[in-house]
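Terms are given with their cut-offs where they first occur.

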Amino acid sequence: MFGLSARDTRFLLIVIALTLLTPILLQPFPEGSSLAQFNAGYPDLMQKFAIFGIFAIGFNILFGLTGYLSFGHAAFLGVGSYTVVWMYKLLGYNVLPGLLLSVVISAAFALLIGFISLRRSGIYFSILTLAFAQMSYNLAYSVLTPITNGETGLQVYASDPQILAGSGAPTSPHLFGLVMRNSAQVDLGGWVFTFNVGYYFCAVMAILAFYISLRIFRSPFGMMLRAIKTNQTRMNYTGLNSRPYTLAAFVISGMYAGLAGGLLAAMDPLAGAERMQWTASGEVVLMTILGGAGTLMGPVLGAGFIKYFENIFSKINDGILHGWFAFLPDGLEDFIVACFHPFVGKGWHLTLGILFMLVVIFLPGGLVEGMQRIWRLVRRRKSGGPKRKDPEHRPTAAPHMAE
Amino acid sequence: MDAIILQILNGLDKGSAYALIALGLTLIFGTLGVVNFAHGALFMIGAFCAVTMQRLLSLSYEEIDPTRTDFLGNPLKVEVPYVEHWFGPDLGGAIIDWSVPLGILLAIPVMIGLGFAMERGLIKHFYKRPHADQILVTFGLAIVLQEIIKYFFGANPIQTGAPAAFSGSFDFGTLLGFDPNVIIYPYWRMVYFLFSLVIIGGVFAFLQFTTFGMVVRAGMADRETVGLLGIDIDRRFTLMFGLAAAVAGLAGVMYTPILAPNYHMGMDFLVLSFVVVVVGGMGSLPGAVLAGFMLGILQSFASMNEVKSLIPGIDQVIIYLVAIVILLTRPRGLMGRKGVMED
């Protein structure tokens, strides 16, 4: 089905089901219970899961397949956001023209940057992309203020033309009348599920993005990209010019990033330059590596993991910790709370940094590899059979960058 | 003419910081072949060594001053730093005033120790792994170091002043025969520039004129052969890592009066220092120093109003623009050696 093998079709259907059921799956604890704060089923966070999932899937097409480590992908994210907000200002709050244009413009932008940056590889490529992204970021803050509105961030004002907006059109982002921020709440005996229009829009986009990336992974083009990662020199010696392939991968991943940026602005009609800063580029690198570069599901898992931590872990404060350990004797309780204190709340970045280091040191394949190891352990204990070869999800220790 | 001299002077202190950080980065890359993304964090920790020194020296106890009373008529309690108690108000006050330069005494052991711990505990296991893995693990380490500092010192910049003797500015123009008040330059920036020259000179002299340095240079050129000659090159490289960390740390200590240290200053400098290293040529020490000063001065020229009115926004992008042009036209950077990371 969909031009996929039976196994991939099953995989895709599972992903679709999981994505569509997210509002239920991420709400495992009843409202009002002490664990309710671990619920992630609120629209804002679920939208971020889907959007950064798209961003990471796109980044993975470049980094996971070709091994080129770009440190400037946030530039495309920012370009996408600015495009969508400009379309709001000029045409009206319908998200469709903005999203289409954001993909086109970020593709053009990626073509330009990629054409120059891909003349070099390895660390020089990383530095070149970083330089371009920082240039865009600095310019967005200074000279391009008429376009980007500088530090204030770009937003829609009442005086904007909005030529396509009818008199009865919604005054927030919508898709032909479906307002993004609307949601339906279902209350089922203590459990509250929120089904948000914006989330489902992002989810459909994410499923599309995932499907396209699946097709790329299985296509001859994907094979070619993997060959470039494994040994670019040998590819060149066989008489193949690898530049068009890497450039195509770069542009595709730039388009994904532009779409993700556009969706960010589609959920919340704002665009700021801080989205283009290199820390944002670093974040998508973290997501991809943490989940597992070069695997299909890894980047999505990594994106979800980091965004979950960012929103849930950072909310845990000393009061909540005391609540958890209240059953312990007083002295011990204070001691344990003091031990946890640096790692939660404002300190969640510390946890993230430590976790990231541990993953890079011990699990170069990311969370996906970790899960596979556990899975294999369980299976071996059950059947005792030989290991199944799975080159797709356990890539051999090829160099990560074209060296 | 006076404007040009002023811009060169203004570029020097930033250029010095770039040059010192880039020197350490290049030293690590040249010896160990590791791309260290945590180097900016080392610079930041150096700066916080100065803050710690200042706090240590200002530790004080409360004492009742019998000669004065507060507004209620009770005897006035005054905070007396221990240092003043031990050495008397004059010498003690001077010691507190000089806490930033004294921070060097704290920074050297701390940074060398941290460098050793990093190399032995973490980097050692990454020699055989691809550069991308090295970048990622040191990036993670940088986040961790940065968050630890944030936990102990808070997120706000901490003002740390230069000694009173250097806190003013002097009229540099009169030395060169210009009118007074044309070229005004803060003393501390001059001190920082001279300090960086001393450090850079020291590192070069150490590598050039000592047996140890000779072995290290030989190891940089051909690690295996030096190892085959029966020299324990790994241990010397570990020492060089400690030295590079100390250079970054000292650069940070002395930079505190110019920029109030905050926990993310390291990352801000790291990005630019990497650009500096790449422009200078990976693995080339003179290249790193030259590119550091060159980019610092270029940046200050680009922020002149005359230039900005000609090309708007040039001050924001000049460094990256230069980096892109140099990377595309000179694949090895300005002074890169043949065969080092050429691809």
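On the face of helix α8(A) turned away from its buried side lie the exposed residues P220(A) and M223(A). A residue is termed buried if 20 or more other C-beta atoms lie within 10 Å of its own, exposed if 12 or fewer, and partly exposed in between, with C-beta atoms placed from the backbone. Helices (H or I, at least four residues) and strands (E, at least two) are DSSP runs, numbered from the N terminus. The model is predicted: local features need pLDDT of at least 70, side-chain atom pairs count only at pLDDT 80 or more, and totals for chains, interfaces and linings use all residues. Residues are numbered from 1 along each chain as its sequence is written, while chains are lettered from A and ligands numbered from 1 in the order in which they are written.

The buried residues of α8(A) are L225(A), I228(A) and K229(A). They cover an arc of only 100° around the axis, so they are on the same side of α8(A); the arc is that of the directions from the helix axis to the C-beta atoms. An α-helix has 3.6 residues a turn, so residues three or four places apart point the same way. The buried residues of α8(A) pack against α2 (43-66), α9 (232-237) and α10 of chain A. Here two residues are in contact if their C-beta atoms, placed from the backbone, lie within 7 Å.

## Packing of α8(A) and α10(A)

Two packed helices are described by the angle between their axes and the distance between the axes. For α8 (residues 220-230) and α10 (residues 243-267) of chain A, the axes come within 10 Å and cross at roughly 110°. Axes are lines fitted to C-alpha atoms, for helices over the stretch in contact, and angles run from 0 to 180 degrees between N-to-C directions. α8(A) and α10(A) are therefore roughly perpendicular to each other. Under the convention used, angles under 35 degrees count as roughly parallel, over 145 as roughly antiparallel, 65 to 115 as roughly perpendicular and the rest as oblique.

M224(A), L225(A) and I228(A) of α8(A) make the contact with Y245(A), T246(A) and A249(A) of α10(A). By class, the contact of α8(A) with α10(A) has five nonpolar, one polar and no charged residues. Ala, Val, Leu, Ile, Met, Phe, Trp, Tyr, Cys and Pro count as nonpolar, Asp, Glu, Lys and Arg as charged, and the others, Gly among them, as polar.

## Individual residues

A75(A) is located in helix α3 (residues 74-90) of chain A. This residue, A75(A), is buried, because 32 other C-beta atoms lie within 10 Å. Not counting residues up to four places away in sequence, A75(A) touches F132(A), A133(A), S136(A) and M276(A).

F340(A) belongs to helix α14 (residues 330-340) of chain A. With 15 other C-beta atoms within 10 Å, F340(A) is partly exposed. In chain B, G121(B) lies in helix α4 (residues 99-121), and G121(B) counts as exposed because it has 9 C-beta neighbours inside 10 Å.

C-alpha separations involving these residues are tabulated below.

| Residue pair | Separation along the chain | C-alpha distance |
|---|---|---|
| A75(A) and S106(A) | 31 residues | 8.8 Å |
| F340(A) and L321(A) | 19 residues | 8.0 Å |
| G121(B) and E306(B) | 185 residues | 51 Å |

## The two chains

Chain A contains 16 helices and six strands. A compact globule of 403 residues would have a radius of gyration near 22 Å, and chain A has 22 Å, which agrees. The radius of gyration is taken over C-alpha atoms, and the globule rule is 2.2 Å times the number of residues to the power 0.38. Taken along the principal axes, the C-alpha atoms of chain A fill a box of roughly 70 × 70 × 45 Å. Of the 403 residues in chain A, 45% are buried.

Chain B contains 14 helices and four strands. Its radius of gyration is 23 Å, close to the 20 Å that the globule rule gives for 343 residues, so chain B is as compact as a globular protein of that length. The C-alpha trace of chain B spans about 80 × 55 × 35 Å along its principal axes. Buried residues account for 47% of the 343 residues in chain B.

## The contact between the chains

The contact takes 37 residues from chain A and 30 residues from chain B. On the side of chain B that touches chain A, α5 (131-153), α11 (265-280) and α14 (314-329) of chain B each supply at least two residues. The largest share of that side, 13 residues, comes from α5(B). By class, the side of chain B that touches chain A has 23 nonpolar, four polar and three charged residues.
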